[in-house]
Amino acid sequence: MPIISSFYGIDIMMFYDDHNPPHFHAKYGDYKALIDINKARVLSGKLPSAQLKMVLAWAVIHKEELLEDWRLAELMEGLSKIEPLR
């Protein structure tokens with residue numbers, strides 16, 4: 001699963017040919033969550049509150065880039081790195 005961004009100890013990843021709805025995986029230590037790209041909400045899993053707020057804000061900022069990576073993943077093509085949260 002390629003890491004498409006990383007910030008403040010959080011890795012953002014996307015699987016190739018994954019199930020709908022379009023989403024990404026966020027990992028922080030032992031915590032993991034699936035985040036819906038279109039709705040910027042947790043589909044499953046859990047992150048600490050501070051990290052979740054950062055991930056959701058980042059997802060809103062980079063929605064179009066995330067959707068493009070989702071499209072590329074469906075086509076089994078290389079994913080683009082996305083600017084981390086600063």
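In the hairpin formed by S1 and S2, where two residues separate the strands, Tyr8 adopts a positive phi near 50°. The model is a predicted one, in which local features need pLDDT of at least 70 and side-chain atom pairs count only at pLDDT 80 or more, while totals for chains, interfaces and linings use all residues. Residues are numbered from 1 along each chain as its sequence is written, and side-chain values use heavy atoms, with hydrogens and water left out. Strands (E, at least two residues) and helices (H or I, at least four) are DSSP runs numbered from the N terminus. S1 and S2 run antiparallel and are joined by four bridges; strands pair if DSSP finds at least two bridges between them. Within this pairing, Ile3 stands opposite Met13 in S2.

The hairpin leads on to the aromatic residues. Three aromatic pairs are found in a search of the whole structure, where rings of Phe, Tyr and Trp (its six-membered ring) pair if their centres lie within 6.5 Å, with planes under 30 degrees apart counted as stacked, over 60 as edge-to-face and the rest as tilted. Phe7 and Tyr8 form an edge-to-face pair, at 6.5 Å centre to centre and 80° between the planes. Phe7 and Trp58 form a tilted pair, with 5.6 Å between centres and 40° between planes. This second pair links distant parts of the chain, since Phe7 belongs to strand S1 and Trp58 to helix H1, 51 residues apart. Ring pairs join Phe7, Tyr8, Phe24 and Trp58 into a cluster. Phe7 counts as buried because its relative accessible area is 4%, buried meaning under 20%, exposed over 50% and partly exposed in between (1.4 Å probe, protein chains only). Trp58 is buried as well.

What is the extent of the largest nonpolar core? This core has 21 residues, and those with the most contacts inside it are Ile12, Met14, Phe24, Val55, Trp58 and Leu66; a nonpolar core is a set of buried Ala, Val, Leu, Ile, Met, Phe, Trp, Tyr and Cys residues joined through side-chain atoms within 4.5 Å. At least two core residues come from each of strand S1 (3-7), strand S2 (10-13), S3, strand S4 (31-36), helix H1 (49-61) and helix H2 (63-74). H2 gives the most, with four residues. Beyond its neighbours within four places in sequence, Ile12 is in contact (heavy atoms within 4.5 Å) with residues including Phe7, Phe24, Val55 and Trp58.

His23 lies in strand S3 (residues 23-28) and counts as buried because its relative accessibility is 0%. The His23 side chain makes a polar contact with the side chain of Asp18 at 2.9 Å, such a contact being a pair of N or O atoms within 3.5 Å, where within protein one must be able to donate a hydrogen and the other to accept it, and residues adjacent in sequence count only if both atoms are side-chain atoms. In strand S4 sits Ala33, whose C-alpha is 4.1 Å from that of Gly45, 12 residues away in sequence.

Finally, the structure holds two salt bridges, each a side-chain nitrogen of Lys or Arg within 4 Å of a carboxyl oxygen of Asp or Glu. Arg71 bridges to Glu68, with the closest N and O atoms 2.7 Å apart, and both lie in helix H2, about one turn apart. Arg86 bridges to Glu83 at 2.4 Å between the closest N and O atoms.
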